[in-house]
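Dear colleague,

I am handing over the structure below, and after it you will find my notes on what was found. Please read them with the structure open beside you.

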Amino acid sequence: MNGFAARIERDFSVRRKEKQKTEFRAWLVYTLKEMGYSPKLESGEYSLSLGGTMTNVVAGDPEKAKIVLAAHYDTGVREILPPMISPTRPVSFLLYQALFPILVLAGSFALSLALTFPFDLPALTLPLFLALLAAALFYPKYGPDESATLSDNTSGIVTLLEVARTLTPRYRGEVCFLFLDGGTQAAKGAKGLRRAHPCLKEKPVMVVDCVAEGDELLLLPGRAGRWNGALLDAINDNFSNSEKKTCFLKTDGLITFPSDNRAFAHSVSICACRKIPGFGRCILPRRAKEIDEENLAILREGLSKLIMNYQPESRA
């Protein structure tokens, strides 16, 4: 296994509670400094919502960088259903997501009946049903930790670290690395960083998430990113296929990818997919047992070359 991945899996595989995230950030900052970067922590308060303080690690200058690489480092609650993302089939993804509330409703109703019917207490069925539904609302905060975090998103962190290590000092000033908090909480850390650095509304942001396994590396420009001809040409020129792996830049049709790309208008999401009959291109994060070295090599080379060769379009 990749050295960065092995260390993270051994010591920081779960990064959900503040103590866990603080310990991981300390290692991350130390590692970036060892490479010659000057990382800094940027925090924002979210006192009225789940998550509290969001602390991002920023290596580079967002104002001066011509391109930004981002990956969230936090991990989330263990979902009741195995997580599945189908980026190119939004309807399939939404239908699968709808199964959870349906199961909660059905399970709460069945349990309330099971507890009241044998004792002939029909008046308590509805109150118990509502109480069970209310309890389910606390699951995202108090449920168990997700332990299978290699794909989502240790793989994204490792990819950024590999690119950071590969770049020579000549090109390090042209990129900014964002290690984002709150990726599992509606991209809160990314949104806070965007408010602190308005330039990120216009910069191309390559968001790397769930790239551990899959034979197709999918690059998904957001709505605004599809109009950045210089960036799309640079992606096509600098990302290469291998004998077993393909890089596919999808610039048409509907897409859905629930990651930090939602915070950046000019984002390009990067993920690794496998094709499943009936669902098309799919990401199954829990299946990953290790990070595919070939995926990592393709992304390291492609992103490094992109940083070196991308020339933003001049604005009139």
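**Strands, helices and salt bridges**

Leucine 69 stands opposite methionine 206 of strand β5, and this belongs to the pairing of strand β3 (residues 67-72) with β5, which run in the parallel sense over three bridges; two strands count as paired if DSSP finds at least two bridges between them. Helices (H or I, at least four residues) and strands (E, at least two) are DSSP runs, numbered from the N terminus.

Before going further, please note that this is a predicted model, in which local features need pLDDT of at least 70 and side-chain atom pairs count only at pLDDT 80 or more, while totals for chains, interfaces and linings use all residues. Residues are numbered from 1 along each chain as its sequence is written, and side-chain values use heavy atoms, with hydrogens and water left out.

Strand β5 also pairs with strand β8 (residues 267-276), in the parallel sense and over four bridges, and there valine 208 has isoleucine 270 of β8 as its bridge partner. Strand β5 (residues 205-208) is covered on both faces, since Val205 and Val207 on one side and Met206 and Val208 on the other are all buried, where buried means under 20% relative accessible area, exposed over 50%, and partly exposed in between (1.4 Å probe, protein chains only).

Helix α3 (residues 90-116) has 27 residues and reaches 40 Å from its first C-alpha to its last, close to the 39 Å expected at 1.5 Å a residue; the expected span is 1.5 Å times one less than the number of residues. Its buried residues include Phe93, Tyr96 and Val104, and the buried residues of α3 pack against α4 (125-136).

The structure holds 19 salt bridges, a salt bridge being a side-chain nitrogen of Lys or Arg within 4 Å of a carboxyl oxygen of Asp or Glu. One of them joins the side chains of lysine 66 and glutamate 174 (2.9 Å, N to O); because lysine 66 lies in the loop between β2 (52-59) and β3, and glutamate 174 in the loop between α7 (169-172) and β4 (175-180), the pair ties together parts that are 108 residues apart in sequence. Lysine 66 counts as buried, at 13% relative accessibility.

Another salt bridge is formed by arginine 281 and glutamate 216, whose side chains meet at 2.4 Å, N to O. This pair links distant parts of the chain, with arginine 281 in strand β9 (residues 280-282) and glutamate 216 in strand β6 (residues 216-221), 65 residues apart. Arginine 281 is buried, with a relative accessible area of 16%, and glutamate 216 counts as buried at 12%.

Within helix α6 (residues 150-166), glutamate 162 and arginine 165 are three residues apart and thus separated by about one helical turn, and they form a salt bridge whose closest N and O atoms are 2.7 Å apart. Here glutamate 162 is buried, with a relative accessible area of 4%, whereas arginine 165 counts as partly exposed at 47%. A network of salt bridges links Arg7, Arg10 and Asp11.

Finally, serine 304 lies in helix α10 (residues 293-309) and counts as buried, at 4% relative accessibility. Leaving aside its neighbours within four places in sequence, serine 304 is in contact (heavy atoms within 4.5 Å) with Val163, Thr166, Leu167 and Leu299.
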